[in-house]
Amino acid sequence: MSKVGHSNSQDFPIEESALIQQAAETHHLTFSEITKLLADDACEELLCAAADAVRKQFVGDGVHLRGLIEFSNICRQDCMYCGLRRDNGKIERYRLTADDIVTLAEKAKGYGYRTVVLQSGEDAHFTAERLAEIVRRIHALDLAITLSVGERPREDYALWRAAGADRYLLRIETTNAELYERLDPGMSYENRVRCLRDLKDLGYEVGTGSLIGLPGQTVEMLARDILFYQEIDADMIGIGPLIPNGDTPLGKAAPGDWHLTRRMVALLRLLLPEANIPATTAMETMMPRGRELVLASGANVVMPNVTEGDYRRKYALYPGKICVADTPADCRACMGGRIAAMGRHVATDKGFRKHMKHS
């Protein structure tokens with residue numbers, strides 16, 4: 001199996017060019033074709049330009065801003081790459097109250113956000129009913145609500161959907177079951193997939209995605225990730241590079257390949273043309289103006305942080321995270337200006353996936 005990384009292929013040209021055109025027109029490639037494009041860094045600019053054109057055709061020039069509320073960094077899971085992992089004794093833990101969370105949502109609405117993303121570790125304090133009550137209060141503000149709180153029973157997902165939740169983010173990180181279970185001790189790949197299928201069945205817009213650069217990951221695995229996202233018809237797909245956290249077992253791992261991550265985003269736009277695809281904070285943590293580069297490579301969503309004060313620093317998934325000292329108002333103004341400078345605009349609707357007919 002080929003290792004993830006750059007290829008030295010000098011024969012880029014016709015075959016890859018034809019594959020990119022085929023993907024842009026039909027939104028379909030085979031496993032081996034996807035692998036070829038992921039592995040070949042020589043085709044990156046052509047691939048990203050094609051993805052940008054498909055993005056414009058299917059989702060337009062609007063960039064959807066989702067206000068991110070990181071309301072607890074307490075987690076019962078022990079994933080080996082994540083700073084919030086249960087066994088990390090160095091992180092300063094916190095948990096916001098229900099009133100704090102709703103107040104942040106009200107402020108997000110005041111900054112012009114139409115969607116808030118409620119994200120936390122898997123914190124058992126937030127029972128299904130406690131979180132449902134928070135969702136009801138935010139739903140009454142006429143905001144779209146995305147939840148990202150991990151694996152729960154179907155009944156919990158159903159309760160939150162009935163309370164007014166619209167979307168759910170649950171990154172699978174890798175669709176290789178052996179790699180998944182090695183890096184997520186005590187967790188089951190089968191259960192992760194069950195959660196995604198339950199969420200889809202309950203009518204959520206479902207978000208998932210991959211972490212690029214996991215030790216042992218190959219481009220073939222990433223190609224299978226893309227085919228899985230097509231199979232489940234994912235509505236949102238978040239892709240980010242591994243940024244090793246020194247307080248985790250992967251602290252000395254090599255960082256994920258930024259360019260491979262960008263190619264992954266571009267291919268996802270070509271093959272799932274209607275999906276909402278964020279330019280993730282991790283991409284900019286690794287590369288200055290990284291979010292603009294990814295927005296020009298097929299992405300159409302940015303999730304600025306609307307959490308306030310020191311909590312931003314304490315939600316330490318990985319080191320060096322950008323913007324932790326900024327205020328939510330700073331972030332909103334900054335991203336609005338940067339998006340306008342690209343010739344794009346901040347979208348004013350809630351950003352639900354638009355289903356279009358395509359071959």
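Trainee: In which strand does I212 lie?

Mentor: In this predicted model, I212 lies in strand β5, which covers residues 205–212.

Trainee: Why is I212 called buried?

Mentor: The relative accessible area of I212 is 0%, and buried means under 20%, so I212 is called buried. Among the residues that I212 touches, leaving aside those up to four places away in sequence, are L222, I239, L242, L260 and M264.

Trainee: What makes R152 buried or exposed?

Mentor: R152 has a relative accessible area of 14%; since the limit for buried is under 20%, R152 is therefore counted as buried. R152 is placed in the loop between β3 (144–148) and α6 (154–163), and its contacts, again not counting residues up to four places away in sequence, include D123, Y157, W160 and R194.

Trainee: How do you know that the side chain of R152 makes a polar contact with the backbone oxygen of F126?

Mentor: The side chain of R152 reaches the backbone oxygen of F126 at 2.5 Å, and a polar contact requires a donor and an acceptor, N or O atoms, within 3.5 Å, so this pair qualifies.

Trainee: Why is the aromatic pair of W160 and Y168 called stacked?

Mentor: The ring centres of W160 and Y168 are 6.5 Å apart, with 5 degrees between the planes, and planes under 30 degrees apart count as stacked, so the name follows from the angle. W160 is buried, at a relative accessible area of 0%, and Y168 also counts as buried, at 0%.

Trainee: What makes the pair of F228 and Y229 edge-to-face?

Mentor: For F228 and Y229 the angle between the planes is 65 degrees, at 5.9 Å centre to centre; because edge-to-face applies over 60 degrees, that is the class they receive. Both F228 and Y229 are buried.

Trainee: Which residues do ring pairs link into a cluster?

Mentor: The cluster consists of Y157, W160, Y168 and Y204, linked by ring pairs.

Trainee: How are the axes of α2 and α10 arranged, and which residues make the contact?

Mentor: The axes of α2 and α10 come within 9 Å and cross at roughly 140 degrees, and the contact is made by I34, L37, L38 and A39 of α2 together with L260, R263, M264, L267 and L271 of α10.

Trainee: What is the make-up of this contact of α2 with α10 by class?

Mentor: The contact has eight nonpolar, no polar and one charged residues; R263 takes part in it, and because Arg counts as charged, R263 is the charged residue.

Definitions and conventions:
Residues are numbered from 1 along each chain as its sequence is written. This is a predicted model: local features need pLDDT of at least 70, side-chain atom pairs count only at pLDDT 80 or more; totals for chains, interfaces and linings use all residues. Side-chain values use heavy atoms; hydrogens and water are left out. Helices (H or I, at least four residues) and strands (E, at least two) are DSSP runs, numbered from the N terminus. Buried means under 20% relative accessible area, exposed over 50%, partly exposed in between (1.4 Å probe, protein chains only). Contact means heavy atoms within 4.5 Å. Axes are lines fitted to C-alpha atoms, for helices over the stretch in contact, and angles run from 0 to 180 degrees between N-to-C directions. Rings of Phe, Tyr and Trp (its six-membered ring) pair if their centres lie within 6.5 Å; planes under 30 degrees apart count as stacked, over 60 as edge-to-face and the rest as tilted.
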